[in-house]
Amino acid sequence: MNDFDYISIASLNQYSYCAHRCWRMFCAGEFADNQYTIEGTSLHDRVHRMGEINQDKTWQVRAI
């Protein structure tokens with residue numbers, strides 16, 4: 001690895017949404033989790049675990 005600072009895809013996505021918001025999140029460090037970001041993180045973590053669930057008439061299978 002070299003000494004360059006790389007820009008993450010998440011940062012570019014935030015910048016394309018709102019440059020000022022991106023600055024506040026990544027430069028000023030003003031981002032704080034809320035109920036929606038915590039729920040999203042929890043749901044995303046579940047995607048990487050294998051399993052299956054049956055809800056009503058829907059059968060959901062998760063696999064890597």
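**Helices and hairpin**

Q: At what angle do helix α1 and helix α2 pack?
A: In this predicted model, α1 covers residues 9-17 and α2 covers residues 19-26. Their axes lie 5 Å apart, and the packing angle is about 140°.

Q: Which word describes α1 relative to α2: parallel, antiparallel, perpendicular or oblique?
A: Roughly antiparallel would need an angle over 145 degrees, and roughly perpendicular covers 65 to 115. The angle here is about 140°. Therefore α1 is oblique to α2.

Q: How many residues of the contact of α1 with α2 are nonpolar?
A: On the α1 side the contact is made by Ala-10, Ser-11, Gln-14, Tyr-15 and Tyr-17. From α2 come Ala-19, Arg-21, Cys-22, Met-25 and Phe-26. Two of the contact residues are polar and one is charged, and the nonpolar ones number seven.

Q: Which residue caps the N-terminal end of α3?
A: Helix α3 (residues 35-47) has 13 residues and spans 19 Å from first to last C-alpha, close to the expected 18 Å. At its N-terminal end, a side-chain oxygen lies 2.9 Å from the backbone nitrogen of Tyr-36. The residue that supplies this oxygen is Asn-34.

Q: Which residue in the turn between β1 and β2 has a positive phi?
A: Strands β1 (residues 51-55) and β2 (residues 58-62) run antiparallel and are joined by five bridges. Gly-51 stands opposite Arg-62, and Asn-54 opposite Trp-59. The two strands form a hairpin with two residues between them, and the turn residue with a phi of about 55° is Asp-56.

How values were computed
Residues are numbered from 1 along each chain as its sequence is written. This is a predicted model: local features need pLDDT of at least 70, side-chain atom pairs count only at pLDDT 80 or more; totals for chains, interfaces and linings use all residues. Side-chain values use heavy atoms; hydrogens and water are left out. Axes are lines fitted to C-alpha atoms, for helices over the stretch in contact, and angles run from 0 to 180 degrees between N-to-C directions. Helices (H or I, at least four residues) and strands (E, at least two) are DSSP runs, numbered from the N terminus. Angles under 35 degrees count as roughly parallel, over 145 as roughly antiparallel, 65 to 115 as roughly perpendicular and the rest as oblique. Contact means heavy atoms within 4.5 Å. Ala, Val, Leu, Ile, Met, Phe, Trp, Tyr, Cys and Pro count as nonpolar, Asp, Glu, Lys and Arg as charged, and the others, Gly among them, as polar. The expected span of a helix is 1.5 Å times one less than its number of residues. A polar contact is a pair of N or O atoms within 3.5 Å; within protein, one must be able to donate a hydrogen and the other to accept it, and residues adjacent in sequence count only if both atoms are side-chain atoms. Two strands pair if DSSP finds at least two bridges between them.
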